[in-house]
Amino acid sequence: MLVRDAMTSIILTVGPEHTLREAARLMSHHRVGAAMVLDPATSGVGIITERDVLRSVGAGQDPDAEHAGDHTTTAVVFAAPTWTLLEAASAMTAGGFRHLIVLDDDGPSGIVSVRDIVNCWTPVLASR
């Protein structure tokens, strides 16, 4: 299977000025663990995850005062839709993260998570 078969094609996007509470509320509402952060000032693409929000709150920071842009990972590893799920899982394992933004020729086309990969592999593993 390929990344394009497993990825979520609807991407939750937030801006760097969204508060962590706003980002968390949106992620919760859409039932996703990550959002793409688009910074129009730099044309940069980053990612913020539930883990980023958790670290901030755990450190005692105010989720209403902290901004997504200050907790965004900007050194993002991108996946291609034509990667195998094993390639995506290997990139996640090597980088210590659970989400990859998927880029095609037109830009971001989805997000693939560890859960997406496990959901694809589970029927295969169960049939053995």
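Let me start with one residue. Ile11 touches Met36, Pro108, Ser109, Gly110 and Ile111, leaving out residues up to four places away in sequence. Keep in mind that this is a predicted model.

Where does Ile11 sit? Its place is the loop between helix H1 (3-6) and strand S1 (13-14). Is Ile11 buried or partly exposed? Ile11 is partly exposed, because its relative accessible area is 21% and buried means under 20%. Phe78 is 67 residues apart from Ile11 in sequence, and the two are 14 Å apart in space, C-alpha to C-alpha.

Now take one of the partners. Ser109 belongs to strand S6, residues 107-113. Ser109 has a relative accessible area of 14%, so it counts as buried.

Let's step back to the whole chain. How many helices and strands does the chain have? Five helices and six strands. Read from the N terminus, the order is α-β-α-β-β-α-β-α-β-β-α.

Next, the overall dimensions. The C-alpha trace spans about 50 × 30 × 25 Å along its principal axes. A compact globule of 128 residues would have a radius of gyration near 14 Å. The chain has 15 Å, which agrees.

What about the inside? Of the 128 residues, 38% count as buried. Residues 24 or more positions apart account for 54% of them.

And the outside? The chain exposes about 7500 Å², and carbon and sulfur atoms supply 54% of that area. As for charge, there are 9 positive and 15 negative side chains. The centres of those two sets lie 11 Å apart.

Residues 20-30 make up H2. Which residues of H2 are buried? They are Leu20, Ala23 and Met27. Seen down the axis of H2, these buried residues fall within an arc of 65 degrees, so they line one face of the helix. Here is the background. An α-helix has 3.6 residues a turn, so residues three or four places apart point the same way. Turn to the face of H2 away from the buried side. That face carries the exposed residues Arg25, Ser28 and His29.

What do the buried residues of H2 pack against? They pack against strand S2 (34-39), S3 and H3. Just after H2 comes Arg31, with a positive phi of about 55 degrees.

On to H3, residues 50-58. Its buried residues are Asp52, Val53 and Ser56. Down the axis of H3, they fall within an arc of 100 degrees, so they too line one face of the helix. The face turned away from the buried side of H3 has the exposed residues Leu54, Arg55 and Gly58.

What covers the buried residues of H3? The cover includes helix H2 and strand S3 (44-49). After H3 comes Gly60, and its phi is positive, near 85 degrees.

To recap. Ser109 is buried. The buried residues of H2 pack against S3 and H3, among others. Thanks, everyone.

How values were computed. Residues numbered from 1 in each chain as written. Predicted model: local features only at pLDDT ≥ 70, side-chain atom pairs only at ≥ 80, totals over all residues. Heavy atoms only, no water. Helix = DSSP H or I, 4+ residues; strand = E, 2+ residues; numbered from the N terminus. Buried < 20%, exposed > 50% of the residue type's maximum accessible area, 1.4 Å probe, protein only. Arc of directions from axis to C-beta. Contact = heavy atoms within 4.5 Å. Rg over C-alpha atoms; globule rule 2.2 N^0.38 Å. Areas by Shrake-Rupley, 256 points an atom, 1.4 Å probe, with all protein chains shown as cover. Lys, Arg positive; Asp, Glu negative; His and termini not counted. Charge placed at Lys NZ, Arg CZ, Asp CG, Glu CD.
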